[in-house]
Amino acid sequence: MEREPGDGSLFFRGLQSRGHKQVKLRQRKSALYLRPQRGGRRRDLLGENIYLVLFTVALRICNCFLVQTSFVPDEYWQSLEVAHHMVFNYGYLTWEWTERLRGYTYPLIFASIYKILHLLGKDSVQLLIWIPRLAQALLSAIADLRLYSLMKQLENQQVARWVFFCQLCSWFTWYCCTRTLTNTMETVLTIIALFYYPLEGSKSMDSVKYSSLVALAFIIRPTAVIPWIPLLFRHFWQEQRKLDLILHRFLPVGIVTLSWSVIIDRIFFGQWTLVQYNFLKFNVLQNLGTFYGSHPWHWYFSQGFPVVLGTHLPFFIHGCFLAPKRYQILLVTVLWTLLVYSMLSHKEFRFIYPVLPFCMVFCGYSLNHLKTWKKPALSFLFLSNTLLALYTGLVHQRGTLDVMTHIQELCYNNPNNSAASVFVMMPCHSTPFYSHVHYPLPMRFLQCPPDLTGKSQYLDEADTFYQNPLSWLHKEFHNNSTLPTYLLIFNVLEEEISAFLISRNYERTAVFFHTHLPEGRTGSHIYIYERKLKGKLYKR
């Protein structure tokens, strides 16, 4: 059938006449039309679903409050104690600061928090303790999310979820990621920098951003550059415009960040100094870190790395055989870091913490390829890491924090006792100090600075004390007027100095559990002895 020409002309004339007017479409109210629009709107934060972000932040906040134990002295003495001294003008700075081996960039973060709290009149001791740790927990949550985002780019959401699961349930990450350690910040910056690093398949690569984060990590802790040496070398080798990479990216970033560090240290030290050089000279070139203990060369391979990985170890080994070739650079980075740190005599678990997230990539790959044993493997990983995380976070080595809380309560409950003083007779730096008391109470501890003069028979104050504690106490406190009000000791020392305690009228007033695994000078419990007035009977 043919259409009549008149009808067509009328049709097109109608379209022309409508073209001069705005056509209003009736809005559909049916839910069927609204669903696609709602589903198309993703509420994102940091490039990820907002609910995932909130879950990760909430988990790390819980993580923060479920870690109530001490790990190493540096989490206080190289961060919070320095920040407290910067803001409140009293406290104690260790020998590293008089020798300018540490920089003020990292403590400045917490000093800024302390200053804000002080200006708001909210500088209570609990806020001084927990706000810095919550800030560190938030940064760790951001790093977790960046690792997840990176794996989504490199692989797919399924692999990313398994890597994310491994990262979140790692007992050592749980144990460390909310502590105010330079190693924790180094790890955070390393993960975020890896997000911008030009890995094959990455959609977020940015040379300036990742090199800036690496430079900042180096300023905070100079050994942070060790894991990045193979990564930087790979980037340089694969870059076609090598000169441009150095002159227009790496060099400006290095100059700006180093200048920033030098200026900050100039302000607080009062003189120009390059702390990064001093740090590397002491710990690497002179290897004087051995003063604080040494281990055999194989320690990281035989003990350190297996302990840090924990029950993730078999999955890591399995994942190394399954992961694609492009992840070899991450495995090389892990092995390189272990080898370099093995050359140094002084070894600690926390030194290799920055490469732990690299290992989670291989663990996630292993879980993704498991079929038959996936559910038992997940249950095993989750339960074993949860139990270990809760034990180390809530039980193991908690006494040194509990005892300082008790001292702080004594100060605030007896503000008129201005003559009170405290002597911590434990291995040096066993407890935090003024950052956990926040009261100008005279306090003293057994010091242990290394010998920087080259003496062959050098003994620090702590070693001299432990050679003959009773004799040392009689010589040190021959005059009763100089006796401290409170003595803090581990239970292993009590019997050896009991004669001094009785003769000077000291009475045990508090006991705190510390660890189920006492070792050497460290006991299972901490005792507080208080000096009583003459005439009171000594009770036990």
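Student: With which residue does Arg179 form a salt bridge?
Tutor: A salt bridge is a side-chain nitrogen of Lys or Arg within 4 Å of a carboxyl oxygen of Asp or Glu. This is a predicted model, in which local features need pLDDT of at least 70 and side-chain atom pairs count only at pLDDT 80 or more, while totals for chains, interfaces and linings use all residues. Residues are numbered from 1 along each chain as its sequence is written, and side-chain values use heavy atoms, with hydrogens and water left out. The closest N and O atoms are 2.9 Å apart, and the partner of Arg179 is Glu75.

Student: How many residues apart are Arg179 and Glu75?
Tutor: Helices (H or I, at least four residues) and strands (E, at least two) are DSSP runs, numbered from the N terminus. Arg179 sits in the loop between helix 9 (171-176) and helix 10, and Glu75 belongs to helix 4 (residues 74-88). The pair links distant parts of the chain, with a separation of 104 residues.

Student: What is the distance between the closest N and O atoms of Arg60 and Asp144?
Tutor: Arg60 and Asp144 form a salt bridge with their closest N and O atoms at 2.7 Å. The link spans distant parts of the chain, from helix 3 (residues 50-65) to helix 7 (residues 125-154), 84 residues apart. Both Arg60 and Asp144 are buried. The distance asked for is 2.7 Å.

Student: What is the relative accessible area of Arg521?
Tutor: Arg521 forms a salt bridge with Asp463, the closest N and O atoms being 3.1 Å apart. Arg521 lies in the loop between strand 6 and strand 7, and Asp463 lies in helix 21 (residues 461-467), 58 residues away in the chain. Asp463 is partly exposed at 23%. Arg521 is also partly exposed, with a relative accessible area of 35%.

Student: How many salt bridges does the structure hold?
Tutor: Some residues are linked in a network of salt bridges, namely Asp74, Arg102, Glu348 and Arg350. The count for the structure is 16.

Student: How many of the residues of helix 10 are buried?
Tutor: Helix 10 (residues 182-196) has 15 residues and reaches 21 Å from its first C-alpha to its last. That is close to the expected 21 Å, a span defined as 1.5 Å times one less than the number of residues. The helix is mostly covered, and the buried count is 15 of 15.

Student: Why is one side of strand 4 and of strand 6 left without a neighbour in the sheet?
Tutor: Two strands pair if DSSP finds at least two bridges between them. The open sheet has five strands in the order 4-3-5-7-6, with mixed pairing. Strand 4 (443-445) and strand 6 have a single partner strand each, so one side of each lacks a neighbour, because both stand at the edges.

Student: At what angle to strand 7 does helix 20 run?
Tutor: Axes are lines fitted to C-alpha atoms, for helices over the stretch in contact (heavy atoms within 4.5 Å), and angles run from 0 to 180 degrees between N-to-C directions. Helix 20 (residues 399-413) lies across strand 3 (422-425), strand 4, strand 5, strand 6 and strand 7. Its angle to strand 7 is about 25 degrees.

Student: Which residue of strand 7 is the bridge partner of Phe490?
Tutor: Strand 5 (residues 486-490) and strand 7 (residues 525-531) pair in the antiparallel sense over five bridges. In strand 7, Ile528 is the bridge partner of Leu488. For Phe490 the partner is Ile526.

Student: Which residue of strand 7 stands opposite Val511?
Tutor: Strand 6 (residues 506-513) pairs with strand 7 in the antiparallel sense over seven bridges. Opposite Val511 stands Tyr527.

Student: What handedness does the disulfide of Cys428 and Cys448 have?
Tutor: A disulfide is a pair of cysteine sulfur atoms within 2.5 Å, and Cys428 and Cys448 are joined at an S to S distance of 1.7 Å. Cys428 lies in the loop between strand 3 and strand 4, and Cys448 in the loop between strand 4 and helix 21. Cys428 counts as buried at 18% relative accessibility, and so does Cys448 at 5%. The torsion about the S-S bond is about 75 degrees, so the disulfide is right-handed.

Technical notes
Buried means under 20% relative accessible area, exposed over 50%, partly exposed in between (1.4 Å probe, protein chains only).
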